[in-house]
Amino acid sequence: MKKLRLAIFGVLVLLMSCRFPPTPVTQTPSLSQPTVAMITPGSAELPARPPDALNANCPSGDSLSALACRYDVLIGSAVDNTGLTNKADEKYRQILVSQFNIVTPEYYMKFAPIHPEPDLYDFKQSDIFVNFAEQNNMLIRGHALIWYAEDPDWINNRHWTREQLIEVMRDHISTVVGRYKNRIYAWDVVNEGIDDETLGLRPSKWTEVIGPEYIDLAFQFAHEADPNALLFYNDYGGEGLGEKSDAIYNLLKDLRSRDIPVDGVGLQMHVTLDDYIPPDELRASIRRLADLGLVVHITEMDVAIPEPVTPKKLKQQAQIYRDALEVCLSEPACEAFLVWGFTEKHHWLNDVYHPDTNYEAACLYDESYQPKPAFFSLQQLMMQP
């Protein structure tokens with residue numbers, strides 16, 4: 001099933017892929033017809049591999065993506081466009097293309113940067129990213145259509161009727177998803193919709209004005225805009241077992257029971273040496289989500305180390321990465337494993353600190369693009385007989 005889905009999408013990409021028009025397309029500004037600024041840039045033993053997995057479709061070599069292909073799993077990274085556009089950062093681009101076959105935008109496809117004003121869409125950064133991925137035969141996870149933390153001020157600071165805000169959502173999703181129709185493999189449609197404390201829906205303008213149905217509508221609008229894309233609910237706290245994981249599961253169970261077009265769940269997997277998910281819990285979570293008929297992607301994994309960084313801590317980090325990948329490789333529902341940035345040169349933790357302890361060094365590569373023990377632990381796991 002994994003290979004069939006990837007093969008079908010690959011054919012669609014070849015048929016539908018095209019460069020963007022060189023001139024901006026403008027419309028009369030209104031809430032329903034915004035101006036579109038189309039700016040185009042020039043340790044457990046793995047199970048035996050299934051007999052049909054070892055075939056000529058997988059590239060040779062010992063890159064992470066080549067090795068993961070043998071297990072019908074995509075392996076990828078979030079992408080910082082600074083690394084794509086800086087001429088002096090060739091190493092960033094080389095590693096990205098050589099090691100990964102699926103990518104996700106770290107920031108620039110979220111609501112505020114891509115739709116900064118009611119009558120303006122700015123696709124400059126997302127076009128750079130999409131074009132780079134296509135030119136290098138990489139699949140794309142779009143991230144993220146609706147996320148409370150990236151609602152722009154023009155959404156949050158205005159009084160809306162329910163009908164008006166539904167129309168804003170419809171326009172945003174149909175415009176963004178429609179622009180990349182048949183070019184984006186999967187979309188994170190709703191990101192982090194469950195509240196940590198109440199375990200109900202997280203407060204936002206969407207829940208306040210539209211109500212719980214905003215999630216249904218977001219998935220329906222995304223499906224209408226691109227019926228071929230896989231549509232995901234993405235969140236943290238669902239990787240293991242516990243109250244929030246139960247809340248995420250129950251939300252998805254309800255959506256599936258009502259035939260809302262949700263295809264998968266993204267488990268973010270931002271962890272630390274002090275707080276990580278035991279592999280048996282990750283496996284249990286994936287299996288019960290699979291029982292709902294959902295595809296599972298690990299979407300944003302990093303493993304932060306409390307200062308100071310030591311060889312012992314790097315070894316612990318490597319084991320946590322390895323354990324998570326081992327579970328994904330051995331669970332049929334887990335079809336992709338992505339890290340949230342592969343190098344410490346371009347990583348969100350550079351500017352974010354724990355209130356008590358500074359955490360750092362969360363990636364597979366250090367700031368000089370040297371592979372760390374975590375990288376070799378993933379590579380060695382997939383090379384074992």
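**Disulfides, strands and rings in a predicted model**

Trainee: Which cysteine does a disulfide join to C328?

Mentor: The model is a predicted one. A disulfide is a covalent bond between the sulfur atoms of two cysteines. Here the S to S distance is 2.1 Å, within the 2.5 Å cut-off. The cysteine joined to C328 is C334.

Trainee: What is the angle about the S-S bond in the link of C328 and C334?

Mentor: C328 counts as buried at 0% relative accessibility, and C334 is buried with a relative accessible area of 0%. Their link is left-handed, and the angle about the S-S bond is -90°.

Trainee: How many disulfides does a search of the whole structure find?

Mentor: Besides the link from C328 to C334, C58 and C69 form a disulfide with their sulfur atoms 2.1 Å apart. With the bonded cysteines numbered in sequence order, the pairing reads 1-2, 3-4. The number of disulfides found is 2.

Trainee: How many residues apart in sequence are the parts that C58 and C69 tie together?

Mentor: The link of C58 and C69 is left-handed, with -85° about the S-S bond. C58 lies in the loop between β1 (35–37) and α2 (64–69), and C69 lies in helix α2, so the pair ties together parts whose separation in sequence is 11 residues.

Trainee: Are C58 and C69 buried or exposed?

Mentor: The cut-off for a buried residue is a relative accessible area under 20%, and exposed means over 50%. By that scale, C58 and C69 are both buried.

Trainee: Which residue in β5 stands opposite V103?

Mentor: β3 pairs with strand β2 (residues 74–79) in the parallel sense over 4 bridges, and there S77 stands opposite V103. β3 also pairs with strand β5 (residues 139–147), again parallel, over 2 bridges. In β5, the residue opposite V103 is I140.

Trainee: What is the bridge partner of I146 in β6?

Mentor: β5 and β6 pair in the parallel sense over 5 bridges. Strand β6 (residues 186–191) is mostly covered, with 6 of its 6 residues buried. The partner of I146 in β6 is V190.

Trainee: Which residue in β7 does A186 stand opposite?

Mentor: β6 and strand β7 (residues 230–235) run parallel and are joined by 5 bridges. The residue of β7 opposite A186 is L230.

Trainee: Which residues does T272 touch, not counting those up to four places away in sequence?

Mentor: T272 is placed in strand β9 (residues 270–272). T272 counts as buried because its relative accessibility is 17%, under the 20% cut-off. The residues touched are V303, A304, I320 and Y359.

Trainee: At what distance does the side chain of T272 reach the backbone nitrogen of D275?

Mentor: A polar atom of the T272 side chain also lies 3.1 Å from the backbone nitrogen of D274. For the backbone nitrogen of D275, the distance is 3.0 Å.

Trainee: What is the angle between the planes of W154 and W160?

Mentor: The structure holds 12 aromatic pairs. One of them is W154 with W160, at 6.3 Å centre to centre. W154 is buried at 12% relative accessible area, and W160 is buried at 4%. The pair is edge-to-face because the angle exceeds the cut-off of 60 degrees, and that angle is 65°.

Trainee: Which residues form one aromatic cluster with Y92?

Mentor: A pair of aromatic rings is described by the distance of the centres and the angle of the planes. In this model, the cluster consists of Y92 together with F100, F342, Y365, F375 and F376.

Trainee: Over the ring of which residue does the charged end of R288 sit?

Mentor: Another arginine, R141, lies over the face of F232, at 4.8 Å from the ring centre. The charged end of R288 is 4.7 Å from the centre of its ring, and that ring belongs to Y249.

Conventions: Residues are numbered from 1 along each chain as its sequence is written. This is a predicted model: local features need pLDDT of at least 70, side-chain atom pairs count only at pLDDT 80 or more; totals for chains, interfaces and linings use all residues. Side-chain values use heavy atoms; hydrogens and water are left out. Rings of Phe, Tyr and Trp (its six-membered ring) pair if their centres lie within 6.5 Å; planes under 30 degrees apart count as stacked, over 60 as edge-to-face and the rest as tilted. Buried means under 20% relative accessible area, exposed over 50%, partly exposed in between (1.4 Å probe, protein chains only). A charge sits over a ring if NZ of Lys or CZ of Arg is within 6 Å of the ring centre and within 35 degrees of the ring normal. A polar contact is a pair of N or O atoms within 3.5 Å; within protein, one must be able to donate a hydrogen and the other to accept it, and residues adjacent in sequence count only if both atoms are side-chain atoms. Contact means heavy atoms within 4.5 Å. Two strands pair if DSSP finds at least two bridges between them.
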